[in-house]
Amino acid sequence: QVLPHIEIKIVDSEGRAVPRGETGEFCTRGYSVMKGYWNDEAKTKEAVDEAGWMRTGDLATMDEQGYVNIVGRLKDMIIRGGENIYPRELEELLFRHPKVGEVAVIGVPHERWGEEVAAFIRPAPGATIDKEELIDYMRASLAPHKTPRHWFVVEAFPLTGSGKIQKFKLREAWSK
């Protein structure tokens, strides 16, 4: 829930508040929000509007009781044929499969749909990844357009210093 003296709103791409339960970008303002980036007015205008609302880049929903759930990152969202697909949803489902040790889902370019879903998987120790098995597993829980069209088995992921997967490097490797 929202902390005292902090305001939040969840907005669509036009900056309009979305109804409760719908996904949008998490915005916040209050005493804890930065005034801007040091000596970078352009970047500040991108992140903080004139009314002091900071666009976090996080995708979120708010339920009827006012609880906020972060569902992903705006820059990670895949837009396939006008449909928004949230990689985190797919990653959480795949991670529950016993043969999956680690997973990253990204959007890759597609001529007709704009983007398609690609899954990069590091198998669990001793496991062998069977693409058809994972497709059936995903289709049991998700709409067909959310099921990855491209599957890649990797031994390791490119990581940041803090241990997060560098998805931009996966996109670069895929495009080569």
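The protein contains four helices and nine strands, where helices (H or I, at least four residues) and strands (E, at least two) are DSSP runs numbered from the N terminus. The structure is a predicted model, in which local features need pLDDT of at least 70 and side-chain atom pairs count only at pLDDT 80 or more, whereas totals for chains, interfaces and linings use all residues. Residues are numbered from 1 along each chain as its sequence is written, and side-chain values use heavy atoms, with hydrogens and water left out.

Read from the N terminus, the order of elements is β-β-α-β-β-β-β-α-β-β-α-β-α. The C-alpha trace spans about 50 × 40 × 35 Å along its principal axes. Of the 176 residues in the protein, 38% are buried, a class defined by a relative accessible area under 20%, with exposed meaning over 50% and partly exposed lying in between (1.4 Å probe, protein chains only). The accessible surface of the protein amounts to about 11100 Å², and carbon and sulfur atoms contribute 50% of this area; accessible areas come from the Shrake-Rupley method with a 1.4 Å probe, and for residues only the protein chains shown count as cover. Among contacts (heavy atoms within 4.5 Å) with a separation of 6 or more, 53% join residues 24 or more positions apart.

Helix 2 (residues 87-95) packs against helix 3 (residues 131-139) at an angle of about 120°, and the two axes are 11 Å apart. These axes are lines fitted to C-alpha atoms, for helices over the stretch in contact, and angles run from 0 to 180 degrees between N-to-C directions. From helix 2, the contact involves Leu90, Leu93 and Leu94, and from helix 3 it involves Leu134, Tyr137 and Met138. By class, the residues of this contact comprise six nonpolar, no polar and no charged; Ala, Val, Leu, Ile, Met, Phe, Trp, Tyr, Cys and Pro count as nonpolar, Asp, Glu, Lys and Arg as charged, and the others, Gly among them, as polar.

Positive phi values occur at two non-glycine positions described here. Histidine 5, with phi near 70°, lies in the segment before strand 1 (6-11). At a relative accessibility of 69%, histidine 5 is classed as exposed. Asparagine 39 has a phi of about 55° and is located in the loop between strand 2 (24-30) and helix 1 (41-47). Asparagine 39 is likewise exposed, its relative accessible area being 68%.
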